Amino acid sequence: MRHLEGGSSVTLHVARADETFAEATLWAEAYHCDCVTEVPSEVMVIPKPDLLVALEGNPQAALALARGLAAQVRDLRSRLELRNIRSASERVMAWLRLQVSGAPPMVRLDRPWTEIAAENGLTHEAIYRALAVLERTGRLVRENGVVTLSAGPGPAGEVAPKKR
C-alpha cells in the first residue's frame, strides 16, 4: 500500500500465496510502498544484487519474471478501468464480470468484501450498499461465499463472463 500526503492510503497490489511483489525496486533506488499482511504470512526476501545476478544468468527465470510483471500490468489496467466507473453498483458488477467463470457465471470469493472494496477504490459501506442494490434488483445472488450473476434487470441486462 502507498500512504498519501493527506493521511489516507491506497492499495496498489495484493499478493497472494506464491506471488511476488515489490519488483519495481529492482530498477529503483527506493520503493515508496509498505507491505502489510492481514493474515499470518511468511515472506521470502531476496537481496536485490543476488536476484539481478540470478536473472542475468538464467533467461528462463527472467522470462518468468517478465510474464508475471505483464500479468500485473494487465491487472493494474483493469483496476484503473474499474476505478473510472463512477457508480459503485456498476463498478462491482464490472469487477465480478472480470472474475466469473462457468454457466451460470459464478465467482467463489477468496477474500472478504472489505478487501475487494479497498482494491476497487470503494469504502466497505459503499460496496455493501452496492451489493444490496444488485441483489434487490436481481442482478446477483450471494450465498456461502459464492456470487452468481444473473441476466436480471439493470444496464445492458447482459452479464456474459469477460476474460482478461
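Predicted model: local features only at pLDDT ≥ 70, side-chain atom pairs only at ≥ 80, totals over all residues.

Colleague: How many cavities of 30 Å³ or more does a search of the whole structure find?

Modeller: The search finds one. A cavity is a set of points on a 1 Å grid over the protein atoms alone where a 1.4 Å probe fits but cannot get out.

Colleague: Which residues line the largest cavity?

Modeller: Arg-91, Val-92, Trp-95, Trp-113, Ile-116, Asn-120, Leu-122 and Ile-127 do; lining residues have an atom within 4 Å of a point. Helices α3 (88-99) and α4 (113-119) each give two or more residues, and α3 has the largest share, with three. Helices are DSSP runs of H or I with at least four residues, strands are runs of E with at least two, and both are numbered from the N terminus.

Colleague: Staying with α3, is Ser-89 buried or exposed?

Modeller: Ser-89, in helix α3, counts as buried because its relative accessibility is 15%. Buried means under 20% relative accessible area, exposed over 50%, and partly exposed in between, with a 1.4 Å probe and protein chains only. Leaving aside residues up to four places away in sequence, Ser-89 touches Ala-130, Val-133 and Leu-134, where contact means heavy atoms within 4.5 Å.

Colleague: What volume does the largest pocket have?

Modeller: It is about 1,600 Å³. A pocket is an open set with protein on both sides within 12 Å along at least five of seven lines. Its lining has 43 residues, and Ala-15, Glu-19, Thr-20, Phe-21 and Cys-35 lie nearest its centre.

Colleague: Turning to the backbone, which peptide bond is cis?

Modeller: The bond from Ala-103 to Pro-104 is cis, with omega near 0 degrees. Pro-104 is in the loop between α3 and β3 (106-108).

Colleague: What is phi of Asn-144 near?

Modeller: Phi of Asn-144 is near 50 degrees, a positive value in a residue other than glycine. Asn-144 counts as exposed because its relative accessibility is 73%.

How values were computed: Residues numbered from 1 in each chain as written. Heavy atoms only, no water. Points joined across faces, edges and corners; volume = space filled by probe spheres on them.
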